[in-house]
Amino acid sequence: MGCSTLYHLAKEGVSDAVLVERNQLTSGTTWHSAAQVRALRSTRNLTDLIRYSVSLYSSLEEETGQATGWINKGSLSIATSQERLTHIRRQEALAHLFGMPAQSISPEEALERWPLMNGVDIIGAVWSPEDGRVSPSDLCAALVKGARSRGAKIFENTGVTGILTRHGKITGVETDRGKIDCDAIALCTGLWSKSAAAMAGVQIPVWPCEHFYLLTKPIDGITGNMPTLSDHDSHLYIRDDSGGLLVGCFEPLGKAIDPDLIGKDFAFQLLPEDWDHFEPMMMNALHRLPALETAEVKMLLNGPESFTPDGSFMLGESAQTQGLFLGCGMNSVGIATSGGAGMALAHCIINGHTQVDLHEADPKRFPDCFNSAAALCQRVPEVLGKHYEITFPGRQWTTSRGLRKTPLHGCWEKLKAHFGQFYGWERPLYFAKQAEPRMTFAKPDWFDQVGREVAHAHEGAAIFDQSTFGKIEVEGGDAAKFLDRICANNMDRAPGCAIYTAMLNQRGGIESDLTAMRIGEDHYRLFVGTTSIRRDLAWLKRHAEQYQVTLRDSTAEFAVLGLMGPDAGAIIEKVGATELKCLKYFQSGASHIAGAHIRAARLSYVGEAGWEITCKAQNAERIYQVLCQHGARPAGMFAQSSMRIEKRFLAYGHDLDTDISPVQCGLDFAVAWDTDFIGKGALEKQRDAGEGNRIVSIIFDDPDVVPLGNEPVYFNGQIIGKTTSASFGYRIGKPVAIADISLAQARAEGTQVQIDIARNYHTGRITLKPAFDPKGSRMRQK
């Protein structure tokens with residue numbers, strides 16, 4: 001990762017880039033990596049990073065004269081269960097969406113490609129011809145040669161002893177050979193990234209686990225190179241190695257190891273063999289590869305690798321220290337990703353942003369509660385184990401839970417809530433849980449209960465706990481002026497307004513969408529996404545230096561309860577908060593409920609009329625109890641998601657990101673064209689070029705199909721876009737999706753399209769209107 005970042009900085013003309021290595025290049029993890037390069041990831045942009053890596057690794061030898069050891073023999077994913085088969089066929093569909101070759105093949109064809117394996121239990125397979133592997137040490141040598149040829153400098157056996165900052169910005173590094181002045185540091189320090197970042201006052205959640213693979217001496221039947229065999233039901237990856245076999249695993253529960261125990265001088269050493277731990281995986285391998293029974297073992301390699309709490313790497317600038325860029329926590333995809341990730345990190349250092357949206361890798365996605373050794377030691381063994389787990393919808397982490405609880409958490413526990421974890425917070429997904437839900441791609445166990453919760457909001461009144469929304473106080477004499485510059489909508493409105501807006505970058509991409517309440521002339525409260533608070537606060541601070549404003553994270557101080565449904569007005573009247581009845585849509589005002597001060601905004605995220613009620617955290621339970629006494633009933637996040645998808649309300653990270661603009665997603669109604677906001681020039685160019693809204697709704701014909709989002713959409717046999725969010729629409733009685741459609745002629749009312757769900761094509765019809773639109777959802781009068 002460090003060599004790639006250096007190479008790309010030099011390639012982009014940064015002639016004074018310096019790489020400092022405490023030991024020698026490739027020490028730590030790189031040298032013992034199994035070095036698989038499998039391109040397909042969960043998003044197009046992450047996939048394209050690895051596709052760039054493949055292109056780079058195959059071209060570096062021509063550029064530098066140094067071989068990289070690139071071997072393109074493809075990969076073979078096998079399935080021994082129906083759910084795994086669905087999983088790999090969903091991956092195949094995703095590959096087609098991203099323009100990659102992938103093909104379902106029969107068990108017989110799989111055996112032809114891998115004749116050494118026992119295929120008795122294989123029910124299907126997917127062949128990916130572009131995958132391969134590389135030699136890690138040779139790759140680094142080629143990158144270094146390319147970087148040096150462009151003027152970059154490398155200092156091995158040079159330890160960093162301190163990182164220098166001033167006013168929250170990088171000014172240099174101290175090494176055991178002297179000081180280097182600089183204004184940017186790329187931290188590509190692998191296992192030691194947590195302690196390295198701490199030198200700059202930055203806490204990051206990276207922790208190592210032991211990682212095992214078995215090497216054998218030569219085996220009959222292995223001639224030349226073979227495809228990588230992915231037997232993920234058995235937690236195994238397998239390939240040839242010097243005429244023998246390499247059998248690696250991501251066992252269900254890994255072994256964390258304290259980096260202090262590894263030590264600073266750990267360079268080309270290995271951890272002790274642990275046959276007891278590896279034995280269950282060995283039994284799986286013996287089943288899949290009968291030749292192992294008589295093979296002579298060369299060694300059981302045990303080398304440490306670093307992991308993050310969510311299994312995705314970190315790439316980008318830290319929130320706390322300007323100029324500190326992170327390229328670490330690679331979660332066993334470092335060799336595959338580093339070509340593209342180094343390119344992206346170099347671009348970020350030079351230009352202040354990556355070329356494309358990579359929010360899944362943004363270091364600012366983690367809350368502080370994951371920085372403790374205790375939380376990391378619990379979580380990273382599970383992260384390693386989930387590496388090959390089927391990504392079922394609704395899958396949740398089981399470790400490091402209960403780190404952050406909303407003020408109503410105790411109430412939700414009594415109602416048998418099933419919780420999900422978001423930015424460390426426990427959020428109720430649905431209530432009245434009878435048992436742990438069965439993981440499946442079919443209709444889920446919670447289907448009927450979520451339907452009942454939707455009915456609460458549609459037919460009566462429901463309470464949604466939205467307390468985890470990030471909240472930012474913007475105060476000062478320049479508050480309105482500052483927000484008018486940062487936000488695309490008109491923010492200088494009278495106190496008492498609520499404003500929906502986006503924050504854009506100079507390219508017109510959406511950095512965040514949010515709701516603002518103007519509480520006073522010099523005071524706004526911003527409500528941002530649960531997982532966006534650190535990122536959004538950093539964005540605001542970056543642009544606030546020239547304004548007389550203060551910014552403060554007030555998330556934990558306040559609870560937010562969404563009271564939604566036709567009976568919401570009657571309940572508000574019964575609890576004495578009659579001032580709220582006078583509010584028009586997107587207005588806010590103060591009142592009291594249960595003797596506690598509240599501020600409410602007349603708006604809805606679910607397509608049913610109501611209010612979002614903000615109160616001090618300590619008052620939330622008594623307000624909730626009073627609302628329930630007058631007929632409101634709780635509803636969880638699954639119900640909320642279903643309803644917002646029916647209403648085609650867009651969600652950041654699903655339907656919105658920095659690669660799409662308000663013009664392209666139908667949010668230009670929230671653009672004040674007469675203000676001078678960041679990104680205005682880019683939006684004007686899009687508007688003048690005739691660009692328009694690409695976002696539509698799709699209503700499925702088959703009521704039993706289960707779309708999840710991120711599925712290819714076909715029209716006349718061609719892929720024209722993808723679903724971005726999907727759910728069952730309980731108010732319309734059919735599955736529904738939000739989709740991003742690139743082909744203008746298909747964006748017409750009633751157009752029939754096909755959606756590829758695990759290589760099964762399901763018909764649906766495009767609608768330019770929300771799938772469900774209650775036209776303001778009039779509240780019932782008394």
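I would like to begin with Asp740, which sits in strand E37, spanning residues 734-741, where strands are DSSP runs of at least two residues, labelled E, and helices are DSSP runs of at least four residues, labelled H or I, both numbered from the N terminus. Please keep in mind that this is a predicted model, in which local features need pLDDT of at least 70 and side-chain atom pairs count only at pLDDT 80 or more, while totals for chains, interfaces and linings use all residues. Residues are numbered from 1 along each chain as its sequence is written, and side-chain values use heavy atoms, with hydrogens and water left out.

Asp740 is buried, with a relative accessible area of 15%, given that buried means under 20%, exposed over 50% and partly exposed in between, computed with a 1.4 Å probe on protein chains only. Leaving aside residues up to four places away in sequence, Asp740 touches Ile660, Arg694, Ile695, Ile720, Gly721, Lys722 and Thr724, contact being heavy atoms within 4.5 Å. Between Asp740 and Gly2, which are 738 residues apart along the chain, the C-alpha separation is 36 Å.

Helix H1, residues 2-11, packs on helix H5, residues 136-148, at an angle of about 25 degrees and with the axes 8 Å apart; the axes are lines fitted to C-alpha atoms over the stretch in contact, and angles run from 0 to 180 degrees between N-to-C directions. H1 is therefore roughly parallel to H5, on a scale where angles under 35 degrees count as roughly parallel, over 145 as roughly antiparallel, 65 to 115 as roughly perpendicular and the rest as oblique. On the H1 side the contact involves Cys3, Ser4, Leu6, Tyr7 and Ala10, which meet Cys140, Leu143, Val144, Gly146 and Ala147 of H5.

How does H1 pack against helix H2, residues 44-64, and at what angle? The angle is about 70 degrees, with the axes 14 Å apart, which makes H1 roughly perpendicular to H2. Here Tyr7, His8 and Lys11 of H1 face Tyr52, Leu56, Leu60 and Glu63 of H2 in the contact.

Finally, I turn to helix H9, residues 334-351, which has a kink of about 40 degrees centred on Gly340, the bend at a residue being the angle between axes fitted to the seven residues ending there and the seven starting there. Of the 18 residues of H9, 15 are buried, so this helix is largely enclosed by the rest of the structure. Just after H9, Gly352 adopts a positive phi of about 90 degrees.
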